[in-house]
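I set out to record, entry by entry, what I looked up in this structure. The entries follow below the display.

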Amino acid sequence: MYKNYTTISITVTEAISKMERYCAYQERCHHDVEDKLKTMKLIPEAKEKIILHLLEHNFLNEERFAKAFARGKFNIKKWGKQRITRELKYRKVSDYNIKTALKEISEEDYLSTFHELAEKKFTNTIETDPSKKRKKITNYLLYRGWETHLVYEKINELIK
C-alpha cells in the first residue's frame, strides 16, 4: 500500500513570521537560520528574501550572536577561548566577529576563571598516582578550550 504524502506549503509571509519568532527567542547565527529554512523546503529566492528581511529588521546579527555566544559559554560553561573559537568557526562565523566576540571577555576574568577551574578540578580529582592525576586534569582543561601554555604552567604549579 502506498502512503499519500502531501507537502505542506508555507507562504513567505508565514515563514518570515516563524523565523522572526525563532530569532527573537534566542540569538542565532546565519548557519542556524539557513538550517531552519532548509526544513521549510522553500525555494532559494524565498530563503534569500527571508534572510534579508531578518537582517534589515535586526533579528539576525552575526556580531551580536558571536558576542552573546562567547559571553555565555565563558560565564556559564567556563569554556576557554580556543573552544569558543572552534565552536564559532563550526557555525561559520567570520574571523572578524570571532575576534570581536573574544574581546568581550576581560583578561582578568579569563585568568581568574581558569585558575579557579583548574584548582577546583585538582581538588575534586580523586587519583593517587600523580601522573594519572596530571593527565586527567590536563585533558579536562584542554577539552574545555584553555590554552596549552596556561594548562601546563598550572599543572606544574599544582602537581610537583
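Entry 1: N58 sits in the loop between α3 and α4 (helices are DSSP runs of H or I with at least four residues, strands are runs of E with at least two, and both are numbered from the N terminus). Its phi is near 60°, a positive value in a residue other than glycine. I then turned to K41, in the loop between α2 and α3, where phi is near 55°, again positive in a residue other than glycine. K41 counts as exposed, with 70% relative accessibility.

**Entry 2: basis of the values.** I note that the model is predicted, that local features need pLDDT of at least 70, that side-chain atom pairs count only at pLDDT 80 or more, and that totals for chains, interfaces and linings use all residues. Residues are numbered from 1 along each chain as its sequence is written, and side-chain values use heavy atoms, with hydrogens and water left out.

**Entry 3: helix α1.** I read α1 as residues 12-25, which is 14 residues. From first C-alpha to last, α1 reaches 20 Å, close to the 20 Å expected at 1.5 Å a residue (the expected span is 1.5 Å times one less than the number of residues). Which residues of α1 are buried? They are A15, I16, M19, Y22 and C23. Seen down the axis of α1, these fall within an arc of 125°, so they line one face of the helix (the arc is that of the directions from the helix axis to the C-beta atoms). On the other side of α1, T13, R21, A24 and Y25 are exposed.

**Entry 4: packing of α1.** The buried residues of α1 pack against α2 (30-39) and α3 (44-56). I found α1 and α2 packed at an angle of about 145°, with their axes 11 Å apart (axes are lines fitted to C-alpha atoms, for helices over the stretch in contact, and angles run from 0 to 180 degrees between N-to-C directions). M19, Y22 and C23 of α1 make the contact with D32, V33, K36 and L37 of α2 (contact means heavy atoms within 4.5 Å).

**Entry 5: nonpolar cores.** I looked up the largest nonpolar core, which has 25 residues (a core is a set of buried Ala, Val, Leu, Ile, Met, Phe, Trp, Tyr and Cys residues joined through side-chain atoms within 4.5 Å). I84, L88, V93, L141 and W146 have the most contacts inside this core. Its largest share, five residues, comes from α4. Leaving out residues up to four places away in sequence, V93 touches C29, E62, F65, A66, L88 and I98. A second, separate core of 14 residues includes V33, L37, A46 and I51.

**Entry 6: G145.** Is G145 buried or exposed? G145 is buried, with a relative accessible area of 0%, and lies in the loop between α8 and α9. G145 and Q82 are 63 residues apart in sequence, yet their C-alpha atoms are 4.6 Å apart in space. G145 touches G80, K81, Q82, R83 and Y110, not counting residues up to four places away in sequence.

**Entry 7: E45.** I placed E45 in helix α3, where E45 counts as exposed at 57% relative accessibility.

Note on methods:
Buried means under 20% relative accessible area, exposed over 50%, partly exposed in between (1.4 Å probe, protein chains only).
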